[in-house]
Amino acid sequence: MAQHPAGRRRLAGGIPGPGFETFVGIFGFVYTFLAGNVLMAVANAPLVLCLALVADPVAAWPFFLALSVTVAPSLAGLFASFQALHDDGGAAKPVASFLKGYSRRFRRTAPLGLATVAVLLFLGVDLAIVPSAPAAALLVPVIVTAAAVTATGAVMAIAGVVVLPNATLKDLLKASLYLSVQRWYLSPALLALLGIIASAALLQPVLGVALAPAPLLFVVWSNAAYACSSALRSS
């Protein structure tokens, strides 16, 4: 039996459709991710440019690791834009939030980035030398674990600087290093996401930087910010 047109209209009217706020929220995410990728590329322009020009970046890893010293402040800026997106939704202004987060957290995150790069350089050189040592089977896992804890701890500390601006950097570092060990199950996921970003940047520097970092770093930020804030607030 054919349904009366008025009945069809009533039926259609009873099915909730996506509202304006839903589209605004989706647009907010997309705009934040696109703007974040562009701003990250600009903030780390020397690194991105050299990745695009050097044929084998892996062979020159110490040079590129040194160039990555600019990543920490830019991560703080990106995480600040994610925080604004979380707080304001579609009304967030990612460019302004990034620039404000970058400038306000630079004095805290720049030394952290420098220290992280220095530790990773030291561990990387050790990892290149150790295989010829008699105790290589014991030392290699220790060095790899130390490098993983350093990387995850630094990212969690940067997230903590944004989420908990009143916490001291010393407390954030202690909490992030503790979480890297105590909540060890978060570290492999975080390292996997960072590895995907690094691989995309190595294989296709321009396209990888333009598309990959922000959506993946949003997941990194969500997990790191929650873990770091919950650890400090429960202590």
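Student: Why is Leu99 called partly exposed?

Tutor: Leu99 has a relative accessible area of 48%. Buried means under 20% relative accessible area, exposed means over 50%, and partly exposed is in between, with a 1.4 Å probe and protein chains only. Leu99 at 48% is therefore partly exposed. This is a predicted model, in which local features need pLDDT of at least 70 and side-chain atom pairs count only at pLDDT 80 or more, while totals for chains, interfaces and linings use all residues. Residues are numbered from 1 along each chain as its sequence is written, and side-chain values use heavy atoms, with hydrogens and water left out.

Student: Which element holds Leu99?

Tutor: Leu99 lies in helix H6. Helices are DSSP runs of H or I with at least four residues, strands are runs of E with at least two, and both are numbered from the N terminus. The protein chain has eleven helices and zero strands.

Student: What makes the nonpolar surface patch?

Tutor: Phe27, Tyr31, Val95 and Leu99 make the patch, which covers about 390 Å². Helix H2 (20-43) and helix H6 (94-129) each give two or more residues to the nonpolar patch. Patch residues have over 30% relative accessible area and no salt bridge; nonpolar side chains (Val, Leu, Ile, Met, Phe, Trp, Tyr) are joined within 5 Å, and like charges within 9 Å. A salt bridge is a side-chain nitrogen of Lys or Arg within 4 Å of a carboxyl oxygen of Asp or Glu. The areas come from the Shrake-Rupley method with a 1.4 Å probe, and for residues only the protein chains shown count as cover.

Student: Why does Arg105 count as buried?

Tutor: The relative accessible area of Arg105 is 16%. That is under 20%, so Arg105 is buried. Arg105 lies in helix H6, and its C-alpha atom is separated by 6.5 Å from that of Ala76, 29 residues apart along the chain.

Student: Why does Ala92 count as buried?

Tutor: Ala92 has 11% relative accessibility, which is under 20%, so Ala92 is buried. Ala92 lies in the loop between helix H5 (71-88) and H6. From Ala92 to Gly28 the C-alpha distance is 7.0 Å, although the two are 64 residues apart in sequence. Of the 235 residues of the protein chain, 40% count as buried.

Student: What lines the second largest pocket?

Tutor: Arg105 is one of the lining residues, which also include Ala80, Lys100 and Val162. On a 1 Å grid over the protein atoms alone, a pocket is an open set of points with protein on both sides within 12 Å along at least five of seven lines; a cavity is a set where a 1.4 Å probe fits but cannot get out, and lining residues have an atom within 4 Å of a point. The volume of this second largest pocket is about 190 Å³. H6 gives the largest share of its lining, six residues.

Student: How many lining residues of the second largest pocket are charged?

Tutor: Five are charged, with four nonpolar and three polar. In the largest pocket, of about 1400 Å³, the lining has 35 nonpolar, seven polar and no charged residues.

Student: How many cavities of 30 Å³ or more does the search find?

Tutor: The search of the whole structure finds one. The largest cavity holds about 50 Å³ of space, and among its lining residues are Met156, Leu190 and Asn223.

Terms used: Grid points are joined across faces, edges and corners, and a volume is the space filled by probe spheres set on the points. Ala, Val, Leu, Ile, Met, Phe, Trp, Tyr, Cys and Pro count as nonpolar, Asp, Glu, Lys and Arg as charged, and the others, Gly among them, as polar.
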